[in-house]
Structure formats: structure tokens, C-alpha cells
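Please open the structure in a viewer and keep the selection tool at hand.

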Amino acid sequence: MRFDIVSVFPEFFQVLDLSLVGKARERGVLEVAAHDLRDWTDDPHRTVDDTPAGGGAGMVMRADIWGKAIDELLAGPARKTGEEEAVAQGRATGGRSARACSRGTGKLREGAKRPNTVPNATPEAFRAVLAIPTPSGTPLTQRACERLAGQADRIIVACGRYEGIDARVAEHYAGRGVEVFEYSLGDYVLNGGEVAAVALVEAVGRLLPGMVGNPESLLEESHSAAGLLEYPVYTRPVEWRGLRIPEVLLGGNHREAARWRRDRSLERTAARRPDMIAGLDARAMDKKDRRMLAELGFMANRGSSHPTPMRIREAGPADAEALAALAARTFPDACPAWLGREDMDAFIAENLSAERFGEYLADPHWLVLVCEDAGEGGTGFAGYTLCLLPEADGAAGIEEGAPVNATVDGVVRDGPLVELSKFYVDRAWRGSGVSGALWRATLAGLSQRTRQWREPFVWLGTNEGNRRARKAYRKMGFAEVGERTFMVGDEPNSDVIFARRIHVA
Ligand code: ADE
């Protein structure tokens, strides 16, 4: 791989003589030469720019000067000549090296005059790329660097200054079959392309075979194929200024350490680059990934192609229809297998119709939260909770079996007893972390509404045969505190009653 960098500040590229290029030179995998654009001028002032056509501020770099420079470099050697090979291997003792950046402050006259090692070579045969750093280019990404490292033999970097390079330069070379890559380092404006040229050499150069000592480190770093930012890293001392390396990294359990790192990567990416989360392949994720993402405000299930942002909010009157549809879909899943459809339908018609939801939503005693896919083309509600708040420090749902005298963790209720009347997640979203996120939001909502009380409680009833739900409620911090008979249509059902304190995490 050879980089020819053309700039009006060729001395700038002496930095490339430091670690990266130095190493690359030893290994013979990378050549870099810096050239002074002014060497291709003909006038005594060595002018490279002129005023913009059509008026406006600043100066534009001339196409004719750039054309001469790029033509000459494209016609230059595609492979190392004998002399360059010798220099690359540290055998040359004198003479001008075309690829030494620190000394390449003039154009490559020697290199250009030497016969091509590939006679009549076309730019395609060299797999040449003309890279033009510009704030109006496409963002420079790791994918683009990987492609260049894998496909290009030589990259000519044309560093613009002032208002940039006459647009016909890119147009002309693209028309001649040279790949023109106009790239930007980011959404900010530098004074010229030099910093971006160094970034390109380093980002592409380190991907070349033999450049990085441990190629595995390329796989795990930020912006690798996993599409996540890298997790935080630590080394000795174990304790520094009161900060300890996380225990999980010290225990020697590699599986746990890998999971911890993956979670931190997801967390960092969600916080710093949510756009990258939306680009992840959800099919490549496991259940733990999906649960972590749900904690971070994104949702993905087994059928999703990409995670989408999750929104949990209080429902409003406009949601009554969609809530009723979700409630009708999900209620039967909580019923025992022996229960007849007619009884379930009767219960749904009586308690979960759009009209009934309209009433809940109009009554401030009911708190209704919905979890929805907030991405473009979102798939609607994934789950909901329906809570009944009592007056003051009373108990909600006494007729439903509220455990008025329950004590939990040895603590006696001192404040309202809220009823968690419904907590349902649509089938497609079970096991995705949606229920955990919805529960945390519900508990936060209840905590907020009961914050003036010392020990408010929340209770619920669930069918005694529903082992999945019983296990889930225990994980959510509920304890079994009693039983009740619950009518579904005309059928009595045996329920277990759970309760928990609201003000504990
Ligand atoms: N030249 C000036 N600003 C630049 C940027 N942000 N990226 C690449 N080249 C530039």
C-alpha cells in the first residue's frame, strides 16, 4: 500500500515518520510520500489558488495545478522499485527516498521518471484511489477504511486548503475510472485536509496485514464489525485513587467478564451513539443482549431486524382502542387452560373493552402505562400496566381481595395500598426485557405518586396455576401474602395474592 499525499504543507506529514509509518517501514507494508503541490506550479509565485467563479469569499484551489500533480502521481510506480525496496528494508544508506515522509517535501521527480514496474499501467491495475478530505464529504467510517485497506494499492490524498479544490478535479478523475473518495472526519471544519489525511493513513494503514501485533485486538475495538463502541478497559494497579477495577474482571471467570464487557459496550453505545444501536443486527443478539438493550431504552425481539427506541408513557384517551385490542389478545394467556373461551370473552367485554379503557383513562385513580415501539413504522403497543390508586392511604381493590393487613419483609404498610390490576406484555415481546422495563417504569410512577407516604404497598392477584407469572412476580420483589377467588365470567378461579413495598428498588 502506498500513500501519496499532496499538500501545500508537506512538512506537516513528518508526524507519519513516528510510530505507525516507522513500524510499517520496517515491515515493508506501507509507503508514504508527501509532496508539495507548489512543485507543480509554473509561475514565480508558485500560485495554487484563484478567486471563486461566481464570486464569494476566499480562494479556490486550481484544477490545472492539481491535474498535473495527480496525473504524475497516477503514472508513478505501482510497486516498489529496487531502491525503494532497499530503503524499506533499511538497506539503503543514501539518496533521496520517494516514500520517506520527512524528506518527501518535493514532488516525486525520481519516482515519476523511473520506468513503471507495471508498463502502461492503468489506474485500475494499480487499484488507485483519489481521496479528497473535505467537510462536505461522506463520513470516514471503519467500514470505508477496511474496504480501502483490502482493495486499494495506492491512495493519492489531495489536501485542499482555503475554500477547497475546484470541483472539476473530482469529476475528471471519477470520469477516468479512478475511484474518488471525498470524505469528512466529522461535522466540523478544519483549516485544510492535512489532519484528515493523517487520520486516513493511520486508520487504513493499521488494518494492513502485519501492522497490528495482535490482529484479535482489531476485532474487539470500537467500530469493529460488532457495531458497538468498545467497553472500558483497565490495568494494574487494581486500586487507584480509591477507584477499583470492577471485581468481575479480577475473578478469572471469563464468561462473566465477557458478558460484563458486552453489557458495558451496549451501555456506552446507547448513551453515546444511539444511531449505532439502531444499526445493530438484532438477529445476532441473544436474550441477555435484548434485556440489556431494554434497560437502555431500546427494544428488539426474536423477529426484529434492528433494535428500535422504546417509549414507556402514560396512556391517553386516544389509546383506548389499541389498549383494548392488546388487553383482549393478552388476557387469555394468563388464564388456566381449562377455562372456557366464553368466560374469558365475558371478562374481556366487561372489563377490557375500549369503553372501559376510556373510563380508566378519564379517572385519575387509574394509572395506565404503555410500552411502545417508538421507531419509524413502530409496531404499536408491546405491553401495558393498569394500576388503581386508593384515596389517601386507603387500600385499592378491597372487593377484589386487597391484602389490607399484609406485612412484607417484616414491614407493616404505612400509606396507600395500590392495586396492580393488569400487567401484560404481548406474546412477541415476552423474554425481550420489555416487561422489566415496563415494571421499572410502573414502580417509578407509583413511587412518585405515593412519595409522601412512609411505606406504601402494591398488590396483585394471579392465577395459582400460572407458574411463569408467579416466578416473574417474585423476581420483581413481590412476596406471596394470601389467596382469593377470582371470577372470570361465571367461573371461579383460585388466585395467589402478592404484595411488595413500593419504596424499595
Ligand atoms: N477539511 C476541512 N474540514 C474537514 C473535515 N471536517 N474533514 C475532512 N477534511 C476537512
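Begin by selecting helix α10 (residues 254-272) together with helix α12 (residues 287-295): the two pack at an angle of about 40°, and their axes lie 10 Å apart. Axes here are lines fitted to C-alpha atoms, for helices over the stretch in contact, and angles run from 0 to 180 degrees between N-to-C directions. That angle makes α10 oblique to α12; angles under 35 degrees count as roughly parallel, over 145 as roughly antiparallel, 65 to 115 as roughly perpendicular and the rest as oblique. The crossing of α10 past α12 is right-handed, a term for a near helix turned clockwise from the far one by less than a right angle, with anticlockwise giving left-handed.

This is a predicted model, in which local features need pLDDT of at least 70 and side-chain atom pairs count only at pLDDT 80 or more, while totals for chains, interfaces and linings use all residues. Residues are numbered from 1 along each chain as its sequence is written, and side-chain values use heavy atoms, with hydrogens and water left out. Helices (H or I, at least four residues) and strands (E, at least two) are DSSP runs, numbered from the N terminus.

Next, select α13 (residues 320-330) and α15 (residues 354-362), which pack at an angle of about 120° with axes 8 Å apart. α13 is therefore oblique to α15, and α13 passes α15 in a right-handed crossing.

Now move to the ligand. Which residues surround the ligand? Select P133, T134, P135, Y183, S184, L185, G186, Y188, V189, L190, G192 and A196, where a residue is near a molecule if one of its heavy atoms lies within 4 Å of it. This shell divides into eight nonpolar, four polar and no charged residues; Ala, Val, Leu, Ile, Met, Phe, Trp, Tyr, Cys and Pro count as nonpolar, Asp, Glu, Lys and Arg as charged, and the others, Gly among them, as polar.

Display distances from ligand nitrogen atoms to backbone N or O atoms: 3.2 Å for T134, 2.7 Å for Y188 and 2.9 Å for L190. The protein covers 96% of the 260 Å² of accessible area that the ligand has on its own, by the Shrake-Rupley method with a 1.4 Å probe. Colour β5 (128-139) and β7 (179-184), the elements that give two or more residues to the shell; β5 supplies the largest share, three residues.

Finally, inspect two loops. Between α9 (216-220) and β8 (239-240) lies P237, and the peptide bond from R236 to P237 is cis, with omega near 5°. Between β6 (154-158) and α7 (168-175) is Y162, a residue other than glycine with a positive phi, near 55°.

Technical notes
A polar contact is a pair of N or O atoms within 3.5 Å; within protein, one must be able to donate a hydrogen and the other to accept it, and residues adjacent in sequence count only if both atoms are side-chain atoms.
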